[in-house]
Amino acid sequence: MKLYTFFRSSASYRVRIALNLKGLEYEQIPIHLRRGGGEQLSAEYKAINPHGLVPTLEDEGNRLTQSLAIIEYLEERYPNPPLLPSDPADRATVRALALAIACEIHPIQNLRVLRHLRSEYQLGEEEVNRWARYWIELGFSALEQQIQSLPRRGQFCFGDTVSLADVCLIPQLANAKRFGCDLSAYPTLTGIEVRCAALPAFAKAAPEAQPDAE
Ligand SMILES: N[C@@H](CCC(=O)N[C@@H](CS)C(=O)NCC(=O)O)C(=O)O
């Protein structure tokens with residue numbers, strides 16, 4: 001398996017965690033998102049992923065994009081350990097937590113959006129960071145409340161088993177710290193982070209543990 005990845009990319013981080021949780025070996029192909037204006041925008045990489053985004057996973061002749069589609073593929077192809085619960089309503093809840101991060105929070109603080117704010121609207125560094133913090137904190141407030149009030153409250157986002165929701169939450173918390181969010185308002189989320197960080201699959205996937213880390 002080959003993963004096109006960037007150490008600091010939170011979408012790549014999700015896939016690295018999932019691969020590690022499932023005990024799958026993979027080769028990393030680093031795509032530097034800043035060097036030379038961004039290697040993700042090169043014709044060579046766009047021939048692999050026309051969206052110019054990481055991650056991309058290659059497995060058995062399949063070329064897959066979109067981190068959640070990749071993780072659902074891994075879940076179906078390599079079901080153990082499962083990252084989704086068996087009950088349909090529980091699965092929908094876990095997916096909803098994951099999508100709240102992957103669809104509502106992450107896309108509006110993504111590199112290309114922030115670049116556009118700088119180049120097109122002349123926002124300065126502090127304003128851009130404030131933008132990112134605003135959307136992350138809005139999403140985190142809702143997630144904190146949602147997870148706290150789940151009937152299946154436990155050690156992780158959903159009960160006592162690691163799921164797709166944790167796989168999305170931990171990388172988003174890393175982004176939040178980079179933008180200087182005050183995380184003290186989210187004790188449930190940061191408690192889950194501490195417990196995930198103690199698991200080798202998460203530790204091995206962390207940005208600072210990657211071969212392309214700076
Ligand atoms: N929804 C996509 C998001 C992918 C994405 O936004 N990747 C970011 C890194 S986390 C990226 O490649 N950004 C490059 C850019 O903005 O130019 C997924 O989940 O895979």
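Contact is taken here to mean heavy atoms within 4.5 Å, and it is in this sense that the buried residues of helix H8 in this predicted model are covered by elements that include H6, helix H7 (164-178) and helix H9 (200-205). Helix H8 itself spans residues 187-197, and its buried positions are Thr188, Leu189, Gly191, Ile192, Glu193 and Cys196.

Helix H6 (residues 125-148), one of the elements that cover H8, also packs against H5, the two axes coming within 10 Å and crossing at roughly 140 degrees. Because angles over 145 degrees are needed for a roughly antiparallel arrangement and those from 65 to 115 count as roughly perpendicular, H5 is classed as oblique to H6. The crossing of H5 past H6 is right-handed, and the contact is formed by Val113, Leu114, Leu117 and Arg118 on the side of H5, with Glu125, Val128 and Trp131 contributed by H6. Sorted by class, the residues of this contact comprise five nonpolar and two charged residues, with no polar ones.

The loop that connects helix H4 (88-105) to helix H5 (111-121) contains Gln109, whose relative accessibility is 4%. Since buried means under 20% relative accessible area, Gln109 counts as buried. When residues up to four places away in sequence are set aside, Gln109 touches Leu114, Ala132, Ile136, Gln172, Asn175 and Phe179. Among these neighbours, Gln172 is also joined to Gln109 through a polar contact of 3.0 Å between the two side chains, while Leu114 takes part in the contact of H5 with H6 as well.

Technical notes:
Residues numbered from 1 in each chain as written. Predicted model: local features only at pLDDT ≥ 70, side-chain atom pairs only at ≥ 80, totals over all residues. Heavy atoms only, no water. Helix = DSSP H or I, 4+ residues; strand = E, 2+ residues; numbered from the N terminus. Buried < 20%, exposed > 50% of the residue type's maximum accessible area, 1.4 Å probe, protein only. Polar contact = N/O pair within 3.5 Å; in protein donor to acceptor, adjacent residues only side chain to side chain. Axes fitted to C-alpha atoms, helices over the stretch in contact; angles between N-to-C directions. Parallel < 35°, antiparallel > 145°, perpendicular 65-115°, else oblique. Left-handed = near helix turned anticlockwise from the far one by under 90°. Nonpolar A, V, L, I, M, F, W, Y, C, P; charged D, E, K, R; others polar.
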